[in-house]
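The sequence and structure come first.

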Amino acid sequence: MSGNRSIAPADDTSAACTRAPIGLLAELTYRCPLQCPYCSNPLEMTGKAGELSTAEWQDVMRQAGELGILQLHLSGGEPAVRTDLEDILASAVEAGLYTNLITSGVILTRKRLKGLADIGLDHVQLSIQDTDPASAERISNYKGGAEKKREVARWVRELDLPLTINAVVHRQNIENLPAMIDYAVEVGASRIEVAHTQYYAWALRNRAALIPTREAFMKSMAIVEEAKQRLKGILVFDVVVHDHYAVRPKPCMGGWGRNLVDITPIGIVLPCHAAPTLPGMAFDNIRDRPLADIWFNGQAFQKFRGTSWMKEPCQTCDRREIDWGGCRCQAFAMTGDAANADPTCVLSSWHADFKALAEKESHEPAPPFIYRRMNAPANKTHATSSV
Amino acid sequence: MAGTFVRERLLITSDSRPLLPSHIKLRYDNARRRWIILAPERVFDPDDTAVAVLRLADGQRSVAAIVAALARDYEAPVDEIRTDVMAMLQDLADKGVMTANLEQRHERQ
């Protein structure tokens with residue numbers, strides 16, 4: 001990191017400062033053996049060519065530590081596709097980051113996992129698609145995944161690494177939510193993420209195939225509440241609710257440019273992974289500019305940071321520093337203006353339509369999945385009309 | 001499925017000898033000038049009292065011993081401290097960031 005540039009805000013003299021992000025999402029690659037139709041990766045994905053090199057990622061880790069980032073999420077795609085995952089992890093550990101491997105597990109070996117644990121990996125988040133193996137195969141379009149994942153979960157616990165099970169919930173697996181919770185306990189996980197699908201990227205394209213009815217969603221919340229009480233002290237729940245059936249938006253990414261920074265496989269530094277769907281944004285690349293400079297001064301990070309960009313109803317809302325107006329990408333997709341309130345909010349003029357389309361789609365027969373593929377034809381439909 | 005699980009909720013008593021699990025890290029955050037607890041996909045922001053408790057929770061001292069030490073240091077009534085400390089440790093245990101040394105002390109020596 002260049003030491004002779006003034007990169008921090010004027011009121012702070014050190015690069016490591018109170019306004020540094022808490023977490024870094026490092027999307028090491030878009031390559032992945034699974035083809036889940038709700039993937040958060042973009043519809044048009046870059047392949048191996050152009051990915052940041054080992055040395056470039058290692059430099060990112062050093063910069064992250066210097067900036068004051070605390071947590072690293074090694075993600076993708078499938079991060080284990082990168083054969084240099086160990087080298088990148090070692091740099092992260094050296095930089096003092098708390099390291100989290102977000103994996104599908106399917107290409108991991110016990111030997112490799114042991115190596116990662118020895119380097120200093122702190123935590124593993126393992127995804128499951130369903131507890132029913134045939135359903136899991138159909139959702140991920142990958143054979144034998146369920147069996148392999150159970151094995152990986154066992155290795156994780158044998159190596160004394162803490163385990164989180166990540167379950168993305170949608171209309172095609174929501175009936176098995178109680179079984180997914182039991183699964184997490186059986187495999188020795190200490191946390192479960194019950195993540196109702198968030199409709200961006202591939203999930204937005206597959207929304208009609210994924211969106212549950214309000215009744216199914218409400219039932220799933222009751223199941224979680226019961227399980228939370230029953231499993232207190234055994235399993236920690238982290239629940240991502242369904243926007244279309246909510247009345248207030250989530251503080252997306254904990255607020256734009258506040259807590260999290262995302263770096264794509266080719267080095268683009270983003271406030272959130274869906275940000276490139278917004279018009280008129282200029283994103284910096286880590287190859288061109290130091291991370292701290294991008295975080296504090298980059299155009300994309302400044303654009304929706306804080307509250308000064310807000311319009312009504314956000315501008316005078318009591319919750320403006322609680323939910324930060326919700327998600328900019330969802331606001332743009334639904335209303336055509338990224339500075340509008342997230343349509344999840346009851347105060348948004350678009351809320352009724354947003355809710356109605358979920359009610360309608362979820363009661364129609366589910367169309368076939370459009371699987372996540374590198375070379376799948378991109379959906380050229382305007383987001384405004386498809387949301 | 002209730003009752004078939006191998007694990008049980010940790011219930012903190014005066015005899016418990018609490019400690020942070022190996023994957024939970026209590027650390028001073030230089031950038032933000034505060035103590036933090038690093039946990040899977042979570043960062044906790046303990047107050048001064050919690051930090052004092054956590055630094056004593058080494059898996060050897062019992063809750064009773066921790067309470068006695070704090071009562072001495074802070075010149076506060078033992079009963080009051082005990083209530084606060086036990087509630088805090090139970091809360092942390094339920095969040096998965098606190099465990100207790102279940103082995104008998106003599107087995108460790």
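How many of the eight residues of helix 12 (residues 328-335) of chain A are buried?

## Helix 12 of chain A

The model is predicted. Helix 12 of chain A is mostly covered, with eight of its eight residues buried. These buried residues are A:Arg328, A:Cys329, A:Gln330, A:Ala331, A:Phe332, A:Ala333, A:Met334 and A:Thr335. Just after helix 12 of chain A comes A:Gly336, which takes a positive phi of about 85°.

## Chain A as a whole

Chain A has 14 helices and nine strands. Its radius of gyration is 20 Å, close to the 21 Å given by the globule rule for 387 residues, so chain A is as compact as a globular protein of that length. The C-alpha trace of chain A spans about 60 × 55 × 45 Å along its principal axes.

Of the 387 residues in chain A, 51% are buried. Taking the contacts in chain A between residues at least 6 apart in sequence, 74% join residues at least 24 apart.

## Helices 2 and 3 of chain A

Two packed helices are described by the angle between their axes and the distance between the axes. For helix 2 (residues 85-94) of chain A and helix 3 (residues 110-119) of chain A, the angle is about 20° and the axes are 9 Å apart. An angle under 35 degrees counts as roughly parallel, which makes helix 2 of chain A roughly parallel to helix 3 of chain A. The crossing of these two helices is right-handed.

On the side of helix 2 of chain A, the contact uses A:Glu86, A:Leu89, A:Ala90 and A:Val93; they meet A:Gly115, A:Leu116 and A:Ile119 in helix 3 of chain A. By class, this contact has five nonpolar residues, one polar and one charged.

## Where chain B touches chain A

The contact between the chains involves 21 residues of chain B and 23 residues of chain A. On the side of chain B that touches chain A, the elements giving two or more residues are strand 2 (25-29), strand 3 (34-39) and helix 3 of chain B. The residues of that side divide into 10 nonpolar, three polar and eight charged.

## Helix packing in chain B

Helix 3 (residues 78-94) of chain B also packs with helix 2 (residues 63-74) of chain B, at an angle of about 130° and with the axes 9 Å apart. The two helices are therefore oblique to each other, and their crossing is right-handed. Helix 2 of chain B contributes B:Val63, B:Ile66, B:Val67, B:Ala68, B:Leu70 and B:Ala71 to the contact, while helix 3 of chain B contributes B:Val78, B:Ile81, B:Arg82, B:Val85, B:Met86 and B:Leu89. The residues of this contact are 11 nonpolar, no polar and one charged.

Helix 2 of chain B packs with helix 1 (residues 48-56) of chain B as well, at an angle of about 130° with the axes 10 Å apart. That makes helix 1 of chain B oblique to helix 2 of chain B; the crossing is right-handed. Here B:Ala52, B:Val53 and B:Leu56 of helix 1 of chain B meet B:Ile66, B:Ala69 and B:Leu70 of helix 2 of chain B. This contact has six nonpolar residues, no polar and no charged.

Notes. Residues are numbered from 1 along each chain as its sequence is written. Chains are lettered from A and ligands numbered from 1 in the order in which they are written. This is a predicted model: local features need pLDDT of at least 70, side-chain atom pairs count only at pLDDT 80 or more; totals for chains, interfaces and linings use all residues. Axes are lines fitted to C-alpha atoms, for helices over the stretch in contact, and angles run from 0 to 180 degrees between N-to-C directions. Helices (H or I, at least four residues) and strands (E, at least two) are DSSP runs, numbered from the N terminus. Angles under 35 degrees count as roughly parallel, over 145 as roughly antiparallel, 65 to 115 as roughly perpendicular and the rest as oblique. A crossing is left-handed if the near helix is turned anticlockwise from the far one by less than a right angle, and right-handed if clockwise. Two residues are in contact if their C-beta atoms, placed from the backbone, lie within 7 Å. Ala, Val, Leu, Ile, Met, Phe, Trp, Tyr, Cys and Pro count as nonpolar, Asp, Glu, Lys and Arg as charged, and the others, Gly among them, as polar. The radius of gyration is taken over C-alpha atoms; the globule rule is 2.2 Å times the number of residues to the power 0.38. A residue is buried if 20 or more other C-beta atoms lie within 10 Å of its own, exposed if 12 or fewer, and partly exposed in between; C-beta atoms are placed from the backbone.
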